Amino acid sequence: MEKNVSTRFPNKLKPFNRLQVIVEHLSMSKTTASSSEVLLEKKGCAGVITMNRPKALNALNISMIRQMYPQLKKWEKDPDTFLIIIKGAGDKAFCAGGDIKAIAEAGRAGEGMPQYFFREEYALNNAIGTCPKPYVALIDGITMGGGVGVSVHGHFRVATEKTVFAMPETAIGLFPDVGGGYFLPRLSGKLGYFLAMTGFRLKGKDVHKAGIATHFIEAEKMAALEKDLTELKSPSKENVADILDSYHKKCQVDQEKEFVLGEHMDKINSLFSANSMEEIVQNLKKDGSPFALKQLETITKMSPTSLKMTLRQLREGASLSLQDVFTMEYRLSQACMRGHDFYEGVRAVIIDKDQSPKWKPAVLEEVTDEYLDSCFKSLGSGDLKL
């Protein structure tokens, strides 16, 4: 992943401190299969996936995953399909996440969905990461959680001025999954650790400056870009890159804008380089700057268990293959399903919307290494195998 983080001075910082606007849209309706929830079309040289749930901000449910995976595999083998494009319907979101409420309800009821949802979602993410054909994600609008999983592992991610990227899972008792353990520690410096702990939202060109998007264009040019891509004749990856580069270079939006975290990158690299969450918190307190105290305020609202799990996830994921990261994250997903904080986070943010989760344990010091070890432990025959 490219590392093109600017270190110049940004505009004023707006930390991510509320999930409700986004996450309440992830309250899914029924998960019965519906072909209209995802459109799978052949357009010219390309296979085009459209996540088609605009009222739910195109959040992924199991029926969508079960339609997307086999079609992706089919297009991989089709000699007349030269590239794959994925986009979201409507003008608000690419994909705002996954079927969180349904997973929580199924987990509470002792049903099997928490096992097969994560297993099948990660298999789809891995298929994208290993797809031999150019894979172009048009990440126009909100791109969070599950939406990151179906975009970030592909060859190309095209952001616009409407893109909003975040991994806000620590606020609902989860961790930044869908391969977050792979791509986040590979961002410049400790930027990925900062994004994972705080759920900070990157907007517009900052998504490209952070190295998450490979290209940046005007939202109004998306349809023209898609048309140009689908009309290519037997394109190679280089041909696709040439088209994307051309649009990127012509883009006039936010041309002079500096990276929103640019002036804070030295602090982020220093403060988030500690070996434990307790040390990170101490670093932030000791620093005492307005930036550090704002991050401290955000982090103290997050699930202590999720924070510790996430730090270890990223530290271990930094040296693992993508497939081994998914195996690790599947173990963590099942640990969260067995625990308390995920259900409490969903209650506080999505169901009751009181924004006051009661985490157990309530403080970092009570999340033991022994408990964390159990979360990362092999599930034996139940492990995810890719």
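Reader: Which residues does Glu-76 touch, not counting residues up to four places away in sequence?

Author: In this predicted model, Glu-76 touches Ala-127, Cys-131, Pro-132 and Lys-133. The cut-off for such a contact is heavy atoms within 4.5 Å. Glu-76 itself is found in helix 2.

Reader: What makes Glu-76 buried or exposed?

Author: The relative accessible area of Glu-76 is 18%. Buried means under 20%, so Glu-76 counts as buried.

Reader: How do you know whether Thr-305 is buried or exposed?

Author: By the cut-off of under 20%. Thr-305 has 9% relative accessibility and therefore counts as buried. Thr-305 is found in helix 14, residues 304-317. Leaving out residues up to four places away in sequence, Thr-305 touches Asp-341, Lys-360, Pro-361, Val-367 and Tyr-371.

Reader: What makes strand 2 and strand 3 a pair?

Author: Two strands pair if there are at least two bridges between them. Strand 2 (residues 46-51) and strand 3 are joined by 6 bridges, so they count as paired, and they run parallel.

Reader: Why are strand 4 and strand 9 placed at the edges of their sheet?

Author: The sheet is open, with 4 strands in the order 4-6-8-9 and mixed pairing. Strand 4 (93-95) and strand 9 (202-203) each have a single partner strand, so one side of each is left without a neighbour in the sheet. Strand 4 pairs with strand 6 (residues 142-144) in the parallel sense over 2 bridges. Because the requirement is at least two bridges, that count is enough. In strand 6, Ile-142 is the bridge partner of Ala-93.

Reader: Which members of the largest nonpolar core touch the most other members?

Author: They are Met-68, Val-150, Leu-195, Leu-202, Leu-261 and Phe-272, in a core of 99 residues. Helix 15 (residues 322-338) gives the largest share, 9 residues. A second, separate core has 19 residues, including Met-222, Leu-225, Leu-229 and Tyr-247. In soluble globular proteins, nonpolar side chains tend to be buried together.

Reader: Which residues of helix 3 are buried, and what follows the helix?

Author: In helix 3 (residues 100-108), the buried residues are Ile-100, Ala-102, Ile-103, Ala-104 and Ala-106. Gly-110 follows helix 3, and the phi of Gly-110 is positive, near 75°.

Reader: What does the UniProt annotation cover?

Author: The unreviewed entry gives "domain: Enoyl-CoA hydratase/isomerase" for residues 47-376. This span is 50% helix and 10% strand, and its end C-alpha atoms lie 37 Å apart.

Reader: What is the mean pLDDT of the protein, and where is the pLDDT below 50?

Author: The mean is 92, and 91% of the residues reach 70 or more. Over residues 1-33 the pLDDT is below 50, although this stretch has 106 contacts in the model beyond near neighbours in sequence. Where pLDDT is low, the predicted coordinates should not be read in detail.

Methods: Residues are numbered from 1 along each chain as its sequence is written. This is a predicted model: local features need pLDDT of at least 70, side-chain atom pairs count only at pLDDT 80 or more; totals for chains, interfaces and linings use all residues. Side-chain values use heavy atoms; hydrogens and water are left out. UniProt positions are given in the numbering used here, feature names are shortened, and annotations may be inferred rather than shown by experiment. Buried means under 20% relative accessible area, exposed over 50%, partly exposed in between (1.4 Å probe, protein chains only). pLDDT is the predictor's confidence in each residue, from 0 to 100. A nonpolar core is a set of buried Ala, Val, Leu, Ile, Met, Phe, Trp, Tyr and Cys residues joined through side-chain atoms within 4.5 Å.
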